[in-house]
Amino acid sequence: MKRVRPGGLAALCALLVNGLMFAAPASAHHSAAMFDHAKVVPLAGTVKEFKWMNPHGWIQVIAPGPAGKTTEWSIECSSINILARKGWTSTTFKPGDKINLTMHPMKDGSAAGFVLKVDLQDGHSLSDHDY
Amino acid sequence: MTLQPLLAALEAQPFAQAIREGTFLFPAIECVHVLAVVIVVGVVFLMDLRLLGGRAHSASLRRLLADAVPCAWTAFAVALVTGFLLFSSSATTYAANPAFQLKFVAMAAAGLNMALFHGLGLKDAATWDAAAKPPRSARIAGLVSLACWVVVVASGRWIGFLA
């Protein structure tokens, strides 16, 4: 390993950095500190996509937006091992499913939240962050 | 030029999907990645502090480097492979993450600093090899390296707070 030419490594790093600068801008993602943990608000809408993924899942929901107009909400879930222990699966939601959920909303009022509980149309419920 | 199709293709690979959608692989690979980074940074800090004249005086600088550099490279290789696997699981998202980008800028800077030091700074090392306080250029190289690796670790941890 010691024989790796340092110049070669620097060039490789420069190439990587150069490439990354051309990557697309970030889509809307948020840290948990962005959510207002003092508020619990309901959201009723239609599932557009359920992202069963690490490091945590997302439910994309079409519902009335903060300004009243229908918009796409990004609802953040726990890590999928936590979700799996609480009975969620990768097929819990299909696009088109009608759901009612409660969430901690974004502090800045944008169309996103931290999911607490989801009621499905068939009458059963799933909880995520239950504190 | 755009990397987008390449990143999307990487993300679509079965191994990337398995890491993204499984309950075990992501945290397991993350553990190994963190462990490898800890070893890289720990060993690099030992060399940097020796350059700064602060620690590890019992051996001459070049003896310390002979022991530590291969260790750092081995751990770096493990970090690179595990990091690539984690990256592959959501390549398009991570590539667009400003903290991820900063991490690679800091690694490039650390690499450049290391290349300059090993290429130029060590040329006359025979004359100050055993000195507890190396010459100014070596101390600066040590300080720059410390700073770069602190940024690598901090921005690496920050990725999760932006994504």
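Two aromatic rings of Phe, Tyr or Trp (its six-membered ring) pair when their centres lie within 6.5 Å; planes under 30 degrees apart count as stacked, over 60 as edge-to-face and the rest as tilted. Ring pairs of this kind join A:F50, A:W52, A:W88 and A:F93 into a cluster.

The model is predicted, so to speak of a local feature requires pLDDT of at least 70, side-chain atom pairs count only at pLDDT 80 or more, and totals for chains, interfaces and linings use all residues. Residues are numbered from 1 along each chain as its sequence is written, chains are lettered from A and ligands numbered from 1 in the order in which they are written, and side-chain values use heavy atoms, with hydrogens and water left out.

Over all chains there are 10 aromatic pairs. Take B:W73 and B:F76. Their ring centres are 5.7 Å apart and their planes stand at 90°, so this pair is edge-to-face. Both residues sit in helix α4 (residues 61-89) of chain B, three residues apart, which puts about one helical turn between them. Helices here are DSSP runs (H or I, at least four residues), strands likewise (E, at least two), numbered from the N terminus. B:W73 and B:F76 are both buried. Buried means under 20% relative accessible area, exposed means over 50%, and partly exposed lies in between (1.4 Å probe, protein chains only).

Now turn to helix α8 (residues 136-162) of chain B. B:W158 and B:F161 lie in this helix, three residues apart, about one turn of the helix. Their rings form a tilted pair, with 6.1 Å from centre to centre and 50° between the planes. How accessible is B:W158, buried or exposed? B:W158 has 52% relative accessibility, so B:W158 counts as exposed. B:F161 has 41%, so B:F161 counts as partly exposed.

Stay in helix α8 of chain B for B:S155. Its relative accessible area is 5%, so B:S155 is buried. Which backbone oxygen lies 2.6 Å from a polar atom of the B:S155 side chain? That oxygen belongs to B:V151. The B:S155 side chain also reaches the backbone oxygen of B:V152, at 3.4 Å. A polar contact is a pair of N or O atoms within 3.5 Å; within protein, one must be able to donate a hydrogen and the other to accept it, and residues adjacent in sequence count only if both atoms are side-chain atoms. Leaving aside residues up to four places away in sequence, B:S155 touches B:A99, B:L102 and B:K103. Contact here means heavy atoms within 4.5 Å.

Charged side chains come next. Side chains of opposite charge can pair when their charged atoms come close. A salt bridge is a side-chain nitrogen of Lys or Arg within 4 Å of a carboxyl oxygen of Asp or Glu. By this rule there are six salt bridges over all chains.

In chain A, A:E72 and A:K48 form a salt bridge at 2.9 Å, N to O. A:E72 lies in strand β3 (residues 70-76) and A:K48 in strand β1 (residues 41-51), so the pair ties together parts that are 24 residues apart in sequence. A:E72 is partly exposed at 30% relative accessibility. A:K48 is partly exposed too, at 44%.

A:K39 bridges to A:D36, with the closest N and O atoms 3.6 Å apart. A:K39 is partly exposed at 46%, while A:D36 is buried at 17%.

Chain B has a salt bridge between B:E21 and B:R20, whose closest N and O atoms are 3.7 Å apart. B:E21 is partly exposed at 34%, whereas B:R20 is buried at 14%.
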